[in-house]
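Please look at the structure below first.

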Amino acid sequence: MINILTKPYSEISGPNKVVENLIKGLDIIKYPYVINKKADYCENIFIPNGRKNLLKASINIRSKNKIIAGPNFFVLPCDVPFYLKPIIKRLNSYIHPAEWVKTLWEKLNFNLTKIKVWPTGIDTYQFRERQIPSKMHILVYFKQREIKFLKNILHILNKKKLEYTLIEYGKYREDNFISEMKKTSFIIWYGRHESQGIALEECLSSDIPILVLESKSLWNQRPDFGYETYKSELKDFEVTTVPYFDKNCGIILENYDLIEQSIDYMSDNYRNFNPREYILNNLSLEKQAWDLINLFDDE
């Protein structure tokens, strides 16, 4: 059994889906769990968010308890306040959604507890394979990057007389996004680095291939989330927009000079990709629920 200590969320968000999708996965595999019971209610405790929950766990904790926390607490090690450090030391592990984030924290000498990688599962039942539209339509997803190059993308699409919809992070509702996905042939994803990229993976689950404009640097997006504190240590540190992706999912473009040719290629070949298979094999609700359970068994 797992005791999940979580704070309520009033809106749909990535942090919310970490908890929501875990619970869906546990329900599917029929693994027992409780929510917000006393810390000593059962042996295994998962704390995905809420600094008050860390404090709550510390009050009734027993030596037999195994505690895993993360990922929605701190962006960087310097964000850990002094009063939580003794509690973090007591954790069996702190989790991040992707290997590159784990590597970053290790590079910044985080040593309070072990770091492990666990991405949340994607709801492949809600985000089902959509029927490929008969008429080509492109979705452009924009998140915290340079407006100048976005305009270049739109200029190319307009020049080629390709129909598209532009969606900007933070300025749409999920139901609008889902509606757009249903009529989309492929997506041009122009976003910053991601620790997991749940929204992108939901598109892949819907079997929509993606042309990803890769962001491998911490310094080419806004805001910088405090990375400036570690400018010298992280100057050449490589990140990614897509921690979970393969050749079935679409194209990762690093050389932006090839954007027009890449759009042409996707326009001609979008029917030949199979991104949903990747999600089913690697990030299903069931698989990721078991992966979290196994993290407790590894301790």
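Which residues in H7 meet which residues in H9? Glu 201, Leu 204 and Ser 205 in H7 meet Pro 275, Arg 276 and Ile 279 in H9, contact meaning heavy atoms within 4.5 Å. By class, the contact of H7 with H9 has three nonpolar, one polar and two charged residues. Ala, Val, Leu, Ile, Met, Phe, Trp, Tyr, Cys and Pro count as nonpolar, Asp, Glu, Lys and Arg as charged, and the others, Gly among them, as polar. The axes of H7 (residues 198–205) and H9 (residues 275–282) come within 7 Å and cross at roughly 115°. Axes are lines fitted to C-alpha atoms, for helices over the stretch in contact, and angles run from 0 to 180 degrees between N-to-C directions. Helices (H or I, at least four residues) and strands (E, at least two) are DSSP runs, numbered from the N terminus.

Five strands form an open parallel sheet in the order S8-S7-S9-S10-S11; strands pair if DSSP finds at least two bridges between them. S8 (164–168) and S11 (250–253) are the edge strands, each with a single partner strand, so one side of each has no neighbour in the sheet. A second open parallel sheet has six strands in the order S2-S1-S3-S4-S5-S6.

Helices lying on strands:

| Helix | Strand for the angle | Angle |
|---|---|---|
| H8 (residues 259–269) | S10 (210–213) | about 165° |
| H2 (residues 51–60) | S3 | about 155° |
| H10 (residues 285–298) | S3 | about 125° |

Residues are numbered from 1 along each chain as its sequence is written. In this predicted model local features need pLDDT of at least 70, side-chain atom pairs count only at pLDDT 80 or more, totals for chains, interfaces and linings use all residues, and side-chain values use heavy atoms, without hydrogens and water.
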